[in-house]
Structure formats: structure tokens, C-alpha cells
Amino acid sequence: MSEPYDSRFTLPSIDDSPSTESGVILMGLDAGRLLAGVGLARLADEPALVALAVDQARHDALDLGMDALVEAGIIRWRAVRPLIEAGPEMTTAGSLRREWEHAAARVTATVTGLGPASVACLAACWLRRDDVDAMAELAGRGRAPEKGSGTNDVLSRVFAD
């Protein structure tokens, strides 16, 4: 008798997009790294924010530590999560790669002006929203991140829309 087939662990199709494989890798990251990715992707997707960050770094006013990136990601996640949640319902695909494609499509359909890095990080956060929400909730209670919340945290102010 053969063992049950689990489609989550199949090799990718040769026709699958490389971004899908990147998404599968992103989904394996912990919530803190996903949120840091959201924070950094927001900066990388916006040329004006990149220029501002470079200027702030030049004047030693920019903290790009992990805690500051996580805090920036939490701020961004809290801003866009309701938009993503209000998006179109998608059927459950049953395959990790198809779930990724559905989540990326949902993010793209609900949040405007995103570059590919933000789409990828937000789609991963959407698929892992229970973990990401729990981390954001802990941060709201002052438990994490410990750094990046002082006056030198320019990055969070840059990301605030």
C-alpha cells in the first residue's frame, strides 16, 4: 500500500515562477524575520525612501538594526493588514506553491504601489498571519523589539504613512 500523497512537499514545476520558490522559502522564516523583511522591503520599494535613508545614514541618524527593521515591519503590517483581510476570498489551493500564488495575488489586489519585495514579504506575512500578529501584539505590549523604539529610530518614522 502506498503512503498518502502530500502535495506541499513536491518539487516545483518547471513552469513555476521563481518568485513562487522565493515565497516558499520566505514562509519558512520566523515572524521576526518576516516583519524585518516587510520593514526593509518598504524602504527598497520606494526610491524616495531609499534616498532619504541614505541621507540619514550619511548623518549617522539611521538605525538599521534588526530591532528597528522589525518595528518598521510591525508598523507597516498594522497599516496594510486590514486592506489585505478585506480582499477577495480565495479558495484553498491545497498546495503550498498555489497558496503562495493566491496570497501574492491577494496582496497585489488590495495594497497599491507595492514593489516585488513588499508583495513577497506581505504575502508571507499573510500566510503566517497568526505568528506575525502574535509578534506584533507582543511588541504592542512593549515586550519586543527592545531596541529601535527610542529617539534614534528614524526608520519607523520614515515608514509611517
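How many nonpolar, polar and charged residues does the lining of the largest pocket have, by class? The lining has four nonpolar, three polar and three charged residues. The model behind this report is predicted.

**The largest pocket**

The largest pocket holds about 160 Å³ of space. Its lining is made up of Met90, Thr91, Thr92, Glu99, His102, Ala103, Arg106, Trp126, Leu127 and Arg129. Two helices, α5 (96-110) and α6 (116-127), each supply at least two residues of this lining. Of the elements that contribute to the lining, α5 gives the most, with four residues. As a general point, rolling a probe the size of a water molecule over the atoms shows where empty space is left.

**Overall fold and confidence**

The protein has eight helices and zero strands. Along the sequence, the pattern reads α-α-α-α-α-α-α-α. The protein has 161 residues, of which 41% count as buried. For contacts between residues at least 6 apart in sequence, 77% join residues at least 24 apart.

Mean pLDDT for the protein is 80, and 78% of the residues reach 70 or more. The highest confidence is in α6, at a mean of 94, whereas the lowest is in helix α8 (residues 154-159), at a mean of 49. Helix α6 is also one of the helices that supply at least two residues of the pocket lining. Over residues 145-155, pLDDT stays under 50, and the model has 32 contacts beyond four places in sequence for this stretch.

**Two loop residues**

Asp60 sits in the loop between α3 (47-58) and α4 (66-85). Asp60 is not a glycine, yet its phi is positive, at about 55 degrees. Is Asp60 buried or exposed? Asp60 counts as exposed because its relative accessibility is 74%, and the cut-off for exposed is over 50%.

Gly28 is found in the loop between α1 (18-26) and α2 (31-45). With a relative accessible area of 66%, Gly28 is exposed. Gly28 and Arg128 are 100 residues apart in sequence, and their C-alpha atoms are 9.3 Å apart in space.

Val70 belongs to helix α4. The relative accessible area of Val70 is 5%, so Val70 is buried, as buried means under 20%. Between Val70 and Leu34 there are 8.2 Å, C-alpha to C-alpha, and the two are 36 residues apart in sequence.

Ala105 is part of helix α5, the helix that gives the most to the lining of the largest pocket. Ala105 counts as partly exposed because its relative accessibility is 38%, which lies between the cut-offs of 20% and 50%. Ala105 and Ala123 are 18 residues apart in sequence and 8.4 Å apart in space, taken C-alpha to C-alpha.

Val50 lies in helix α3. At 34% relative accessibility, Val50 is partly exposed. Which residues are in contact with Val50, leaving aside its neighbours within four places in sequence? Val50 is in contact with Leu43 and Ala44.

The table sets out the residue pairs for which both separations are given.

| Pair | Apart in sequence | C-alpha to C-alpha |
|---|---|---|
| Gly28 and Arg128 | 100 residues | 9.3 Å |
| Val70 and Leu34 | 36 residues | 8.2 Å |
| Ala105 and Ala123 | 18 residues | 8.4 Å |

How values were computed: Residues numbered from 1 in each chain as written. Predicted model: local features only at pLDDT ≥ 70, side-chain atom pairs only at ≥ 80, totals over all residues. Heavy atoms only, no water. 1 Å grid on protein atoms, 1.4 Å probe; cavity = no way out; pocket = protein on both sides within 12 Å on 5 of 7 lines; lining within 4 Å. Points joined across faces, edges and corners; volume = space filled by probe spheres on them. Nonpolar A, V, L, I, M, F, W, Y, C, P; charged D, E, K, R; others polar. Buried < 20%, exposed > 50% of the residue type's maximum accessible area, 1.4 Å probe, protein only. Contact = heavy atoms within 4.5 Å. pLDDT = per-residue confidence, 0-100.
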